[in-house]
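Please work through the exercises below with the sequence and the model at hand. Each task is followed by a solution in steps.

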There are 2 protein chains.
Amino acid sequence: MTAYKDMTKEELSGVKEELERQFQEVKAKGLKLDMSRGKPSTEQLDLSMGMMDVLTSKSDLKCTEGVDCRNYGVLDGIGEAKQLLADMMEVPKDNIVIYGNSSLNVMYDTVARSMTHGVMGSTPWSKLDKVKFLCPVPGYDRHFAITEFFGIEMINVPMTPEGPDMDMVEKLVSEDESIKGIWCVPKYSNPQGITYSDETVYRFANLKPAAKDFRIYWDNAYTIHHLYDDKQDYLLEILMECKKAGNPDMVYKFSSTSKITFPGSGIAAIAASEGNLVDIKRQLTIQTIGHDKLNQLRHARYFKNISGMVNHMKKQAEILRPKFDTVLETLDRELGGLEIGSWMAPRGGYFISFDAMDGCAKAIVAKAKEAGLVMTGAGATFPYGKDPHDSNIRIAPSYPTLEDLKVACEIFVLSVKLVSAQKLLGEL
Amino acid sequence: MTAYKDMTKEELSGVKEELERQFQEVKAKGLKLDMSRGKPSTEQLDLSMGMMDVLTSKSDLKCTEGVDCRNYGVLDGIGEAKQLLADMMEVPKDNIVIYGNSSLNVMYDTVARSMTHGVMGSTPWSKLDKVKFLCPVPGYDRHFAITEFFGIEMINVPMTPEGPDMDMVEKLVSEDESIKGIWCVPKYSNPQGITYSDETVYRFANLKPAAKDFRIYWDNAYTIHHLYDDKQDYLLEILMECKKAGNPDMVYKFSSTSKITFPGSGIAAIAASEGNLVDIKRQLTIQTIGHDKLNQLRHARYFKNISGMVNHMKKQAEILRPKFDTVLETLDRELGGLEIGSWMAPRGGYFISFDAMDGCAKAIVAKAKEAGLVMTGAGATFPYGKDPHDSNIRIAPSYPTLEDLKVACEIFVLSVKLVSAQKLLGEL
C-alpha cells in the first residue's frame with residue numbers, strides 16, 4: 001500500500017476518480033444504515049427476555065427486608081439489588097444507592113444538586129462566578145451536554161492510551177479552585193475503548209484539588225462489558241483507592257444495567273463515600289418516595305448474583321464481538337498503510353474511535369450520510385461539539401445487523417478515502 | 001351529649017378520670033397501629049396483580065409508534081401511555097409528558113429547573129434575592145418539603161370549603177413579583193378532601209400575577225380516586241380554563257398512577273401548554289435518554305383505556321369506602337356534640353382532616369403514640385411543620401386492615417377526648 005501522501009497528484013487523482021465511481025454506485029442503492037449511537041441490537045435485547053417472566057401475579061413480591069415491593073418505601077434500593085449492583089461496581093453494598101432506569105439522570109441530578117445546594121456543605125455552584133469541569137477528549141457527548149446545560153465551562157484534556165493526561169489534570173485541579181469536576185469513562189472509554197492504567201487511577205485518587213468540592217465523575221458504564229474471554233482489561237477500584245489516599249469523598253461512581261438488560265428499563269446506581277451519601281440522601285428524601293422496586297426485584301431475581309450477570313455478559317459479547325471484528329478488519333484491510341487515519345482495537349465497551357486527517361471528520365460524516373449511513377455527528381465527542389482538529393469520528397457497531405454493518409463499514413472507509421484524497425488534493 | 005366546655009370542672013374531671021382508665025387499658029395491650037401515611041393496603045395492591053402478567057417473554061414489546069420499548073428512545077412517553085394518562089388528566093395527548101414512577105420527582109424537577117434555568121426564559125430563581133410560594137393550609141407535607149429544600153419562602157393561605165382563600169391568593173399574587181408559585185391539590189385535597197369549586201378554578205385561571213414566571217402547581221393526585229359511585233366531585237379542567245382566560249402557560253398539572261396500580265412502580269406525568277413543554281423538554285433531553293417504556297406499555301395494555309382504569313378505581317373504592325366510613329362513624333359517635341373537634345366527610349382521596357381545639361394537636365398525636373398508634377406528625381400539614389394553632393391532624397385510613405382501623409379510631413378519639421379535657425382543665 002502506498003500512503004496517499006506519498007502519491008503524486010496524478011496517482012491520487014486517479015485513485016479519487018475510481019473512489020468516486022464506487023461511491024456513486026453505493027449511493028445509488030439508496031441504503032439506510034445507522035452507526036450513530038451505542039444502542040444494543042434486537043438480538044442483544046432478546047438475551048434478556050427471560051426477565052419478563054421473573055415476576056408474575058403468582059410471585060412473592062417481598063424483598064429480603066420483608067418490604068412489599070409494590071408499595072411505597074425503601075428510599076435507597078432493596079437489599080438484593082444493592083448487593084447485585086455493588087458487586088458489579090466492586091464496592092461495598094453500604095456505599096450504593098439504587099435509582100431509576102437511567103444513570104445519565106443520576107449524573108444530571110448530581111450536577112443539579114451541586115448547583116443548587118453545593119457539595120457536602122460547600123457554596124452552591126449557582127452562587128459562584130465561574131464553575132469549570134475537565135473533559136477528557138474525545139469523550140461522551142451526553143456528559144458534555146449536562147455541564148453545558150448548567151453553564152459550566154469545559155476544559156479539554158487530551159486522552160492518552162493510559163487515560164487522561166494526568167500531568168495536565170494534576171496541574172489544573174491543584175491550581176484552579178473553580179474546577180469542580182472531571183468527567184471520566186474509565187473502562188472501555190467512550191469512544192476510544194481505553195481503560196485507565198493503574199498509575200492513572202492512582203494519580204486520580206491522589207489528586208490535591210484546590211476546590212474542596214471537586215469530585216471525579218467516574219462513569220463506569222462498561223464495567224463488565226468485555227468483548228473477549230481471554231483478553232480483558234482490569235481497572236483499579238477508585239473508591240478504595242481514594243479511601244487509601246485519604247480522599248474518600250473525592251469520587252462519585254455511576255453505573256447501570258442499561259447495556260446489560262434493557263436500555264429503556266434497567267436500573268442505575270451511584271456509589272460514593274458515607275459522607276457523600278448523606279448529602280445525596282438529604283436530597284433524595286425530598287425528591288422521591290422511592291424508585292421502582294419491582295424492577296429492582298426483577299433484575300435481582302433474574303441474575304441471582306454477579307456470577308449470573310457475568311455469564312449473561314458473555315452472551316452479549318458473542319453478539320458484539322463479530323461486529324467489532326468486522327469494523328476493525330475493514331479498517332485494517334481498506335485503510336491500513338494509507339496513512340489517512342488511525343484507530344485502536346478496544347477489548348470492550350460500545351465504540352471504536354477513528355481519527356481522520358485534520359479537517360476531514362465533518363466531511364467524512366457528511367459523505368457517509370450522502371450514501372445513507374448515519375454516523376455520530378463529527379465533533380460530538382468534544383465539549384460544545386467542537387473538535388479543534390475536526391478529526392475524531394465515533395463508530396458504534398452494536399445496533400445494525402452484521403450484514404448491514406458490513407455494508408456500513410464499506411461506505412465508511414470509502415468516505416474516508418474519498419474525503420482524504422480530496423483533502424490532499426486541496427479540494428476540500 | 002354535653003359539650004366539654006359546658007361541663008363543670010367536677011363533671012369534666014370525672015370524665016377525664018374515666019377516660020384515663022380506658023386509656024391505660026388500651027395502652028396495656030401494647031398495640032402497634034399506623035394511620036400516618038396515605039399508603040394503599042395490601043388488599044388494594046392485590047387488585048393490580050394482573051398487571052404482572054401483561055408483559056411476558058412472548059409479548060410483542062413494540063408500542064404503537066413501532067418502537068421497541070426495551071431499547072433507548074422516545075423521550076416523552078409512548079403513544080398509548082400518553083393517551084391513557086391524557087384521558088385520566090383530562091387534557092389532550094399532545095400536552096403530556098410521561099416520566100418515571102414518581103410525580104413527586106416531577107414536581108421536584110420542575111422547581112429545581114426553575115431554580116437553575118428559570119421558567120420559559122425568566123431569570124433563574126437561584127439568582128433572585130427572594131422567591132416565595134403560596135401554600136394552602138392544611139396541605140401536603142412533601143410539597144412543602146420541596147420548597148423548603150430550595151430555600152423558597154412559604155406563605156400560608158387558609159383553605160375554605162371551596163378551595164384556597166382566593167381573595168388572598170389574588171391580592172398576593174398580583175402585588176408581589178417574588179411569588180412564583182402555589183401548591184394545589186385541587187381534588188379530594190390532602191388532607192381535607194376538598195374539591196375546588198368552579199369559581200375557585202375560574203379565579204385561578206384568571207389570576208394576574210405580577211411575576212411572569214408564576215405557575216400554579218396543580219397536583220391532581222386524586223383525579224379519579226372517588227369513594228362513591230353516586231356522590232362524586234367534579235373539578236373544572238385547569239389547562240383549558242387557563243387557555244380560555246388567555247393564560248395558557250400559567251399552570252403545570254401533575255398526576256400519577258401511584259394510587260391506581262402500585263405506589264412504588266407506577267407511571268407519572270406532567271401536563272402543560274406547548275410553551276411550557278418546550279421548556280421542559282429542553283431539560284428532559286439533557287437529563288435522560290428516556291423513562292421506563294416497558295412499564296408504560298404494561299400500564300397501557302393492562303387498562304386498555306380510561307374506561308378500564310375507571311372500573312379499576314371502583315374496586316379500589318370498595319376497599320377504601322368502609323375504612324373511611326369507620327373513621328367517620330367513630331368520630332360522629334364518639335365526638336359528636338362534645339365541641340372538641342371538627343372534621344369533614346370527603347368523597348374521595350386518601351385522608352380525613354381533623355381539627356382539634358387550639359393547642360391540642362401535638363398532645364393528641366403524642367397521646368395516641370403512647371397507646372401504640374402512629375399518626376402523621378402534628379404540624380406536618382403546614383409549611384416548616386408549624387401549625388400556628390396546633391390544631392390540625394391528618395388521618396390516613398387506607399393502610400391498616402378494617403379490624404386494626406377500628407381499634408386505631410378508638411385510640412384516636414380517646415386521645416382527643418383525654419387531651420381536650422386536660423386542656424379545658426388547664427392541665428396541658
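This is a predicted model: local features need pLDDT of at least 70, side-chain atom pairs count only at pLDDT 80 or more; totals for chains, interfaces and linings use all residues.

**Exercise 1. Determine which residues of helix α6 of chain B are buried and where they lie around the helix axis.**

Step 1. Helix α6 of chain B covers residues 166-175, and its buried residues are M166(B), V169(B) and V173(B). Buried here means under 20% relative accessible area.

Step 2. Viewed down the axis of α6(B), the buried residues fall within an arc of 55°, so they line one face of the helix.

Step 3. The partners of the buried residues of α6(B) lie in chain B; among them are the strands β3 (132-137) and β4 (153-160) and the helix α7 (198-205).

Step 4. The start of α6(B) has a further feature: a side-chain oxygen of D165(B) comes to within 3.1 Å of the backbone nitrogen of D167(B).

**Exercise 2. Decide whether the faces of strand β9 of chain A are covered or open, and identify strands joined to β9(A).**

Step 1. In a regular strand the side chains alternate between the two faces of the sheet.

Step 2. In β9 of chain A (residues 268-271), A268(A) and I270(A) lie on one side, and A269(A) and A271(A) on the other. All four are buried, and both faces are therefore covered.

Step 3. Strand β2 (residues 96-98) of chain A runs antiparallel to β9(A) and is joined to it by three bridges. Within this pairing, V97(A) has I270(A) as its bridge partner.

Step 4. Strand β8 (residues 251-256) of chain A is also antiparallel to β9(A), with four bridges between them. Here S255(A) stands opposite A269(A).

**Exercise 3. Describe the contact between chain B and chain A.**

Step 1. On each side, 57 residues take part: 57 of chain B touch 57 of chain A.

Step 2. About 4900 Å² is buried between the two chains, and carbon and sulfur atoms give 55% of this area.

Step 3. Two salt bridges are counted between chain B and chain A. D46(B) forms a salt bridge with R70(A), with the closest N and O atoms 2.7 Å apart.

Step 4. The most comes from α4(B), with seven residues.

Definitions and conventions: Residues are numbered from 1 along each chain as its sequence is written. Chains are lettered from A and ligands numbered from 1 in the order in which they are written. Side-chain values use heavy atoms; hydrogens and water are left out. Buried means under 20% relative accessible area, exposed over 50%, partly exposed in between (1.4 Å probe, protein chains only). Helices (H or I, at least four residues) and strands (E, at least two) are DSSP runs, numbered from the N terminus. The arc is that of the directions from the helix axis to the C-beta atoms. Contact means heavy atoms within 4.5 Å. A polar contact is a pair of N or O atoms within 3.5 Å; within protein, one must be able to donate a hydrogen and the other to accept it, and residues adjacent in sequence count only if both atoms are side-chain atoms. Two strands pair if DSSP finds at least two bridges between them. Buried area is the accessible area (1.4 Å probe) that two parts lose on being put together, summed over both. A salt bridge is a side-chain nitrogen of Lys or Arg within 4 Å of a carboxyl oxygen of Asp or Glu.
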